[in-house]
Amino acid sequence: MRRKLLSLILPFCVCIPLFGFGKTQAARAVQEEPEILSDIGSGCQDNAGASMDEELALLIQRYQEYEESFGAIETLDDIEANGYEVLESQSFPVVLESFGEDEVVFLPVLEKRYNRLAVLIVDAEGRVLFKTNRLETNNRCPGQLEQPVKDVAAVSFHDVNEDGLTDIILITNCENRSGAYAGKPYKTGDVLFQQESSFYRDWRISDKINRFSMNKSARFIISYVRDGSSTEILYTAATLDELLENGFQIIEENSYYQSFEKQGRLKVVPGIIHIAQYDVFMVYLVNEQGYIVYGFQPMEDYDNLYALRGLMCKDVDGDGMKDIVILGKYSYEGADGETKIDSKCDIYYQRTDGFSVDKGFADYYQCTEEDTVRGLLEIIREYWGWRIEE
C-alpha cells in the first residue's frame, strides 16, 4: 500500500528497451518497477516506527521545495542559486518563431540534488521566457524525486508536426542505480512542440518513442512523429506475415528450421526493418503455422545493424539443449558525430519454459573483428567449463 501511495505523488512512466520477449509479451512493452530508493524511502526503512502519513508528508514537502526552487528561476543568475547547473555543451542559440525574430538560447539545466532536468528558453538579456521540467526523462523512477538523468545526449530543432513552428527534439542519457538494468546506460527521447510563446508535450508520443526504442537519434524520432514510421510492429506482430507486410526483410542466408528440445520445431528468422537510414535488427522463432513464438533484440541500444556475421543453434552451456548464438556488428554515433562500430556476441539459453539471455559472457570475453561464430562456440563452452581438447 505504501508503494502505491508514494507512486501517486509523483508522475511515472518507466520504459526500458526490450532485449528479449516471448509471445505472451509481444503485445506490450517490458516495464521495470524500480525500488523506491530516495532518501525518503530509505529513511523510512531505517526507521520502522515512522508512520506512512509522515513519510508522505515529507515527500510532498520536498517535492514542493523542488518545485518552488524551479519556479524561482527567472533569470540566468537564478540558476545556480536554486541548485541547478547549466549543461553548456548542449546549449544553443535558435530562432523560435512564436518568440519573435531575434535569437533566443535553448538552455538545459540539471537539478543537482535529484538529477532532474529542466529546459529554459532565455533571451539576450538573460531573462527566462519559457521553462519546463515536465519532461519524459524526469519520469523514469516511479514515486521518487531522484531520477537517473546523467546528461543531455542530443538536441535537434525541426518542425516535426509541420505547423510552421520549430519544435525541440530532446534525447537524454540515463542510468538506473538499482534493479535489473542497474548500471546499464540507456536513452530517453522527448519532443517539445512549439505553440504561442511556449511548448507542450504529448505524453502518448513520448511513451511510444521510448517503449519501442525509437529514442536512439533525432532521425528516428522525426521518422516516427513526422512520417509515421515506427518499430512498433517488431514488438506487436503475432505472425511472420504481419512483419513482412510491414516491411520486415528476412536475412535468408541465416534463416532455417531448427528442432529445439523443449520448444519443438521452429524456424529461426533474423531480419531487419529499415527506418530513418537505420536497419533495426530482430531475430524471431516462428512455428510451422507462421506464428511468432519468441523474439530477441540483440542490437539493444545500438543505432544500426552493420552486418550479421553469424547465427548458430548449438548447446553451449552443457545442459543438452540447443542455445542460440548471434554474432553481429553494430554501428552508433560517437560524441563528435562520427560513426563507430562494435562487434557483439549475444547468447540465448534454451530453458524448459523458453529462453533466457546471457548476462555474463560479455564480461568474460570482448569480441573482436577477427571473431567468427564458430570460433566463439569454443570460447563460450570454455566459459561454461567444457574441456576443450588441444
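**View 1. The largest nonpolar core of the predicted model comprises 53 residues.** A nonpolar core is a set of buried Ala, Val, Leu, Ile, Met, Phe, Trp, Tyr and Cys residues joined through side-chain atoms within 4.5 Å, buried being under 20% relative accessible area with a 1.4 Å probe and protein chains only. F281 and I324 have the most contacts inside this core. Its main contributor is strand 14 (residues 278-286), which gives eight residues; strands (E, at least two residues) and helices (H or I, at least four) are DSSP runs numbered from the N terminus. A second, separate core has 19 residues, including L135 and F199.

This is a predicted model, in which local features need pLDDT of at least 70 and side-chain atom pairs count only at pLDDT 80 or more, whereas totals for chains, interfaces and linings use all residues. Residues are numbered from 1 along each chain as its sequence is written, and side-chain values use heavy atoms, with hydrogens and water left out.

**View 2. Surroundings of I324.** Beyond its neighbours within four places in sequence, I324 is in contact (heavy atoms within 4.5 Å) with residues including F260, L285, F296, I347 and F355.

**View 3. An open, antiparallel sheet of four strands in the order 16-17-18-19.** Strands pair if DSSP finds at least two bridges between them. Strand 16 (304-314) and strand 19 (354-357) each have a single partner strand, so one side of each lacks a neighbour in the sheet. Strand 17 (residues 323-333) and strand 18 (residues 339-351) are joined by ten bridges; V325 has I347 as its bridge partner in strand 18.

Definitions and conventions
Buried < 20%, exposed > 50% of the residue type's maximum accessible area, 1.4 Å probe, protein only.
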